[in-house]
Amino acid sequence: ADIGNSAVKSAIGVPEAAVGLADIVTGGRAGKLAEEAGFRPRQAKAFLDEYLSPQQQEANKRVADAEGLVDTAAAAIQNPSVIGHTALESLASMGAGGLVGRGIAGVSKAAPWIAGAIGEGVVGAGSSAERIRQQSKDGELSAVQAGAALATGAGTALFGAAGGRVAQKLG
């Protein structure tokens, strides 16, 4: 059941990222409108978390309660199911990023590893924007918050490009 739960959370992430991209250009109005229409990914994911097995809930709590990079990494290693569920929850967004990358590659002469990195960054920016908007007091997205989401997407794209370049060199 935990695997199915994480798969559903993964699927929720794709429209959440799409709404986040619209948030960037509308100051969060798109997300606010979607929320008024009943789209509440944050609440849906929290609801699904309640139905995780007690063991998985405890493992998630141990990792969430860890402080700092080293302690969090150690907690994740000691609770490997958290790593697996996190990876599973990322799959649909990774697929969406791949589709964006294929589109970019189809309309440009960008190398596949660059197009893929851009696609990953676009989805990352959208996801970040919608999560920021969901946590804002007014339910909107300021220019500074939109900039932070875009910076997150750019960072994701840079890491993706570095990984893609290394993979290409390794064949």
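The lining of the largest pocket divides by class into two nonpolar, eleven polar and five charged residues. Here Ala, Val, Leu, Ile, Met, Phe, Trp, Tyr, Cys and Pro count as nonpolar, Asp, Glu, Lys and Arg as charged, and the others, Gly among them, as polar.

The model is predicted: local features need pLDDT of at least 70, side-chain atom pairs count only at pLDDT 80 or more, and totals for chains, interfaces and linings use all residues. Residues are numbered from 1 along each chain as its sequence is written, and side-chain values use heavy atoms, with hydrogens and water left out.

## Confidence

pLDDT is the predictor's confidence in each residue, from 0 to 100. The protein chain has a mean pLDDT of 95. In this chain, 100% of residues reach 70 or more. Confidence is highest in α1, at a mean of 97, and lowest in α8, at 94. Helices (H or I, at least four residues) and strands (E, at least two) are DSSP runs, numbered from the N terminus.

## Pockets

A pocket is found on a 1 Å grid over the protein atoms alone: it is an open set of points where a 1.4 Å probe fits, with protein on both sides within 12 Å along at least five of seven lines. Lining residues have an atom within 4 Å of a point. Grid points are joined across faces, edges and corners, and a volume is the space filled by probe spheres set on the points.

The largest pocket has 18 lining residues. Glu89, Ser90, Ser93, Ser127 and Arg131 lie nearest its centre. Four helices each supply at least two residues of this lining: α1 (2–26), α6 (80–107), α7 (112–135) and α8 (143–170).

The second largest pocket is lined by residues including Ser6, Lys9, Asp49, Gln56, His85 and Glu89. Leu52, Asn60, Val82 and Thr86 also line the second largest pocket. Here α1, α4 (54–65) and α6 each give at least two residues. The lining of the second largest pocket holds two nonpolar, five polar and three charged residues.

| Pocket | Volume | Largest share of lining |
|---|---|---|
| Largest pocket | about 480 Å³ | α6, seven residues |
| Second largest pocket | about 180 Å³ | α6, four residues |

Glu89 is one of the residues nearest the centre of the largest pocket, and Glu89 also lines the second largest pocket.

## Nonpolar cores

A nonpolar core is a set of buried Ala, Val, Leu, Ile, Met, Phe, Trp, Tyr and Cys residues joined through side-chain atoms within 4.5 Å. Buried means under 20% relative accessible area, exposed over 50%, and partly exposed in between (1.4 Å probe, protein chains only).

The largest nonpolar core has six residues: Ile24, Ala125, Ala129, Leu141, Ala146 and Ala149. Helices α7 and α8 are the elements that give two or more residues to this core. Ala146 touches Ile24 and Leu141, with residues up to four places away in sequence not counted. A second, separate core has five residues, among them Val63, Ala66, Ala75 and Val82. Val82 is also part of the lining of the second largest pocket.

## Selected residues

Contact means heavy atoms within 4.5 Å. The contacts below leave aside neighbours within four places in sequence.

Asn5 sits in helix α1. Asn5 counts as buried because its relative accessibility is 7%. Its contacts are Leu48, Asp49, Tyr51 and Leu52. Two of these residues, Asp49 and Leu52, line the second largest pocket.

Pro41 lies in helix α3 (residues 41–49). Pro41 is buried, at 3% relative accessibility. Pro41 is in contact with Ile12, Glu16 and Gln134. Pro41 and Ile3 are 38 residues apart along the chain, and their C-alpha atoms are separated by 18 Å.

Ile132 belongs to helix α7. With a relative accessible area of 23%, Ile132 is partly exposed. Ile132 contacts Leu141, Gln145, Ala148 and Ala149. Leu141 and Ala149 are members of the largest nonpolar core. From Ile132 to Gln145 the C-alpha distance is 7.1 Å, across 13 residues of sequence.

Ala18 is in helix α1. Ala18 counts as partly exposed, at 44% relative accessibility. The C-alpha atoms of Ala18 and Gly31 are 9.6 Å apart, with the two residues 13 apart along the chain.

Ala1 is placed in the segment before α1. Ala1 counts as exposed because its relative accessibility is 91%. Ala1 and Arg102 are 101 residues apart in sequence and 33 Å apart in space, C-alpha to C-alpha.
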